[in-house]
Amino acid sequence: MNNTEKILKNSLLSVIGQICNLIIQFINRAVFVVFLDVELLGYQSLFSNVFVFLSLAELGIGNIIAFHLYKEIVNNNKDEIGRLMCLFKWLYRIVAAIVFFLGGICYFLLPYFVKNENVSWNYVCIIYFMQLTAVILGYFLSYKRTLFIAVQQEYKCVTTDVGVAFLVQIIQLICLAIFKNYLLYLSIQLSTTIIANIIISVRCNREFPYLKNKYVITKDYIKKRNLFADMRDILFHKICYAIYGGTDNIIISAFCGVRAVALYSNYVMIQLGVMSVLFYRLLNPIQATIGNIIYSDRTKDELWKQFNMLDVFSFFFATYIGLGFLIFFQPTITLWMGRDYLLSDLFVFIFSSYIYLGAVWEIVYKYRTCFGNYKQDRFCMFLSAVLNIIISIFGAKYFGIEGVLIGTVFAFLPIAYGRIRFVVKNYFSQSILKYLLKHFILFLIAVFEGFVCYNLCKNVSVNLIGFIERGFIWLFVPLLINILIYWNNSYFKNMLNYFSRFFLIILKKIGNK
């Protein structure tokens, strides 16, 4: 199976798997409120947020081991792959112990953020420790997923996850209807990841038998791999990104009120739902392919041409993502919640621009993560965290929620610049000024496309027919303008050839069935 087939298989199964999981979760939650108090889900969500914070203890070990694996996989160095996976196993066991310790400390802080509980305190504590136990157990087997992803076989994890989730949630719904017991419901739910990890671990041992060999990990080996320095730098990245991405709601609440936070969260919920399917799941499998290609025997010139082809794809993809939100945000909120829950069109334009910028440089980020060496752009991460707080507070004070989002957009630019400098200038030795100028012009083109789409959709009705009309506008306006711009571009032609191979593979697979 070549890289094209691997990307296609991983992407399609990841997208289908994510959609299936979203549907199952939606049904599960709808049934839950029929039999049990919805407040119980609040405890579950609250504690999940606590454990997300504790996940900083992971120190980015998964990312670090992944980019060390790429080179060894390309060279088929089984001994080094086995040694890295052994090191990965022990590092995650240390992380599990740290999370257990920090989780125990957080237990004593629960009274400060669990207020007015309608169930007994002992019941709340049981829920907390059940979730903590599931998180800790996850670290003991989840590391083997990384090897499947690195060898471009993520679909094996996805199919296992979807199958287990489907079966477990069916059992969960049946038990919910019969016993109406939340702790039983929660224990079944928490078992999903554990069962999937066990199956993936067994399959990994079967397909990579050398993982069962005994490996000796020395201090010199860890020092040679520069792992501790990488952990320090990636932790700095994670903290800065947590500050950058986690302060908007606090600032909006402080300056614009809780209602503004609620309205904002509706838009964010739609964004995250759509992006999890069409963005992260669709593009994530490309990560391993890029890692394998970079450490292959291809020349920098060949790699630069491929990067430019993916950059063209990123522009097409980003314009569709950004314009999709610009066109469909307001009518979706109107049908779902009502006009009283709409934010301004200016807010939607800024939010869509932010989504565009994240999408258009996602490929750059995927290249950047293949190299490690997070020290090079950590100042950019620090600058983004500081800028987001300063500009967002100033913006909220004078411009409201739109000002907060402006701060988020401007604060993203140092993050993007650090990644671009690392990849374009440091790795490919190309002109960063030329690259940035190209993308500034492309952004202006995207803004023009947004202006055209906005005016064409302005008077379209908010109903099924209106959504179809908007769909045609969304499909054809950026397509026609982008093709007109890139018609004679060699990288665009390479992209078309690449996608034609995708469709031929699909047609071939269909024809063989």
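Select Tyr 123, Ile 126, Ile 127, Met 130, Gln 131, Ala 134, Leu 137, Gly 138 and Leu 141 in H6; they meet residues of H9, including Tyr 182, Leu 186, Leu 190, Ile 194 and Ser 201 (contact means heavy atoms within 4.5 Å).

The model is predicted: local features need pLDDT of at least 70, side-chain atom pairs count only at pLDDT 80 or more, and totals for chains, interfaces and linings use all residues. Residues are numbered from 1 along each chain as its sequence is written, and side-chain values use heavy atoms, without hydrogens and water.

Next, show H6 as residues 121–141 and H9 as residues 182–207; their axes come within 9 Å and cross at roughly 5° (axes are lines fitted to C-alpha atoms over the stretch in contact, with angles from 0 to 180 degrees between N-to-C directions). The two helices are therefore roughly parallel (angles under 35 degrees).

Then select Lys 156 and Glu 207, a salt bridge with its closest N and O atoms 2.6 Å apart (a side-chain nitrogen of Lys or Arg within 4 Å of a carboxyl oxygen of Asp or Glu). Lys 156 is in H8 and Glu 207 in H9, so the pair ties together parts 51 residues apart in sequence. The whole structure has nine salt bridges.

Definitions and conventions:
Helices (H or I, at least four residues) and strands (E, at least two) are DSSP runs, numbered from the N terminus. Angles under 35 degrees count as roughly parallel, over 145 as roughly antiparallel, 65 to 115 as roughly perpendicular and the rest as oblique.
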